[in-house]
Amino acid sequence: MEPLDLAGVGIGPFNLSLAALGDGVAGLRCAFFEQRGEFRWHPGLLIEGATLQVPFLADLVTLADPASPWSFLRFLRERERLFPFYFAERFHIERAEYDAYCRWVSERVPGLCFGHQVDAVRWSAERGLFEVDFTRLEAPGEVSAPGRSYARNVVLGIGTAPHVPRALRPSAQDAAVPVYHSSEYLDRRAELLAAGHVTVIGSGQSGAEVFLDLLRSRPVGREQLTWLTRSPAFAPMEYSKLGLEHFTPDYTRYFHGLSEPVRDGLLPRQGQLHKAVDAGTLAAVHDELYRRTLELDRGAADRGGDGGAAGWPDVVLTPGVRVRTAVRGGGSRLELHLEHAERQERGVLTTDAVVLATGYAERPAEGLLAALEGYVRRDGSGRPLVDEEYRLVLDPAVGGSVFVQNAERHTHGVGAPDLGLAAHRSAVILNAVTGRESYPLPRRTAFTTFGLREGAATAADGGAGAAGRSATVSV
């Protein structure tokens with residue numbers, strides 16, 4: 001086969017974005033390999049009514065190429081829903097609709113190879129190409145077939161895996177104990193609704209959505225729900241317009257230019273940008289709890305109560321708590337040994353089922369790239385170095401490039417997993433692969449200037465008034 005210009009490993013939203021934009025580059029030969037048989041995007045969390053936390057413009061292509069045939073608006077037109085969407089006035093679409101849009105793209109963009117498991121990526125000095133070994137996965141019971149492709153460049157988009165805290169791993173691995181990660185929530189929903197007491201651990205968006213869905217589905221006054229988090233509060237995500245400028249290419253460039261110690265110190269302090277809960281979801285939780293107090297109060301009055309205090313739902317929400325250990329109690333029940341950080345208190349919570357809304361971790365690529373290990377340059381913490389164009393820094397002996405998607409938060413900041421930066425990052429990678437400006441990139445994307453040098457450059461480009469230029473240069 002003629003060598004590929006770009007071979008992709010994994011087909012999630014980010015590599016799907018790259019494939020869609022790559023389809024618009026004349027003469028570019030791409031193939032993307034995915035071991036699953038079809039595109040799936042967090043199927044366990046497509047809860048009815050749950051929306052994306054980014055606007056619909058953050059689709060696979062629009063922020064790099066608004067005229068692309070693979071935009072969300074084009075999808076709506078194909079499905080004859082463009083006018084209903086227009087009148088709905090929705091800026092944030094439902095997750096299920098985003099999943100349907102991505103599946104629509106995945107079924108039409110050329111070069112997508114589902115049912116292909118990439119086993120290894122090697123550099124062939126003799127050929128001056130990467131060797132990509134894969135296994136074509138057939139239906140159960142049929143023989144799988146090995147294969148190989150050659151590529152000038154490779155991009156890794158292998159995604160993330162559910163994270164289970166160490167204290168709860170033994171319980172999560174015990175089939176007799178109902179401890180599930182939120183990624184499989186919908187598959188386990190009926191079981192969770194039938195359980196006695198349910199505990200949700202984690203206060204990110206997924207934890208709030210799971211808790212709200214369980215709350216709405218359980219009997220008033222007999223909810224038997226507990227929501228715990230290590231965070232000091234059930235807090236809203238930073239969603240101010242200037243705050244959101246941390247998810248712009250401008251901030252990504254600024255963050256990449258910082259020293260490694262400074263970057264490592266910044267990331268833990270930026271949880272409010274991406275780990276908290278949408279304010280609307282928190283409001284919905286509170287509204288549902290309040291509605292239930294009214295219903296309980298009316299029920300008490302109908303039964304001839306004395307008009308005393310209103311009833312409260314059987315719900316506990318406690319921040320500032322960590323799970324020290326988890327042990328199996330009687331039957332399938334679980335004992336969670338808890339510690340409250342601020343009061344230095346310890347206690348035990350007995351529950352019938354647990355949902356771990358504890359986030360995701362980057363999938364390690366070491367096994368896949370084992371043959372390249374000696375070529376990969378690493379930082380002081382042993383993590384791969386990634387240049388500004390999302391390329392692993394490799395030994396000069398390797399003539400091709402290995403790009404990464406959503407595996408560079410340590411070098412590019414909080415925007416690495418954000419869907420809003422997908423199209424821009426794809427455009428950067430395609431420009432690097434083609435060696436030309438296949439997609440023009442904006443020189444400036446934020447009103448905020450994140451450093452003095454950036455401010456001086458903006459002023460020099462005419463982006464500020466005379467006072468702004470004078471003040472910036474004189475500091």
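1. The largest cavity is lined by Thr 252, Tyr 390, Glu 408, His 412, Gly 415, Ala 416, Leu 421 and Arg 425. A cavity here is a set of points, on a 1 Å grid over the protein atoms alone, where a 1.4 Å probe fits but cannot get out; lining residues have an atom within 4 Å of a point. The lining divides into three nonpolar, three polar and two charged residues. In this scheme Ala, Val, Leu, Ile, Met, Phe, Trp, Tyr, Cys and Pro count as nonpolar, Asp, Glu, Lys and Arg as charged, and the others, Gly among them, as polar.

2. On provenance: this is a predicted model, in which local features need pLDDT of at least 70 and side-chain atom pairs count only at pLDDT 80 or more, while totals for chains, interfaces and linings use all residues. Residues are numbered from 1 along each chain as its sequence is written, and side-chain values use heavy atoms, with hydrogens and water left out.

3. The largest cavity holds about 40 Å³ of space, a volume being the space filled by probe spheres set on grid points, which are joined across faces, edges and corners. The search of the whole structure finds one cavity of 30 Å³ or more.

4. The second largest pocket has a volume of about 390 Å³. Of its 21 lining residues, Gly 49, Ala 50, Gln 205, Glu 209 and Thr 281 are the closest to its centre. A pocket is an open set of points with protein on both sides within 12 Å along at least five of seven lines. Helix H7 (205-217) and helix H11 (279-302) each supply at least two lining residues, and H7 gives the most, with five. Helices (H or I, at least four residues) and strands (E, at least two) are DSSP runs, numbered from the N terminus. By class, the lining of this pocket has nine nonpolar, seven polar and five charged residues.

5. Strand E14 (residues 334-340) pairs with E15 over seven bridges, and Leu 338 stands opposite Gly 347 in E15.

6. His 181 is found in strand E9 (residues 179-181). Its relative accessibility is 6%, so His 181 counts as buried (under 20% relative accessible area, 1.4 Å probe, protein chains only). A polar atom of the His 181 side chain lies 3.5 Å from the backbone oxygen of His 163.

Notes: Two strands pair if DSSP finds at least two bridges between them. Buried means under 20% relative accessible area, exposed over 50%, partly exposed in between (1.4 Å probe, protein chains only). A polar contact is a pair of N or O atoms within 3.5 Å; within protein, one must be able to donate a hydrogen and the other to accept it, and residues adjacent in sequence count only if both atoms are side-chain atoms.
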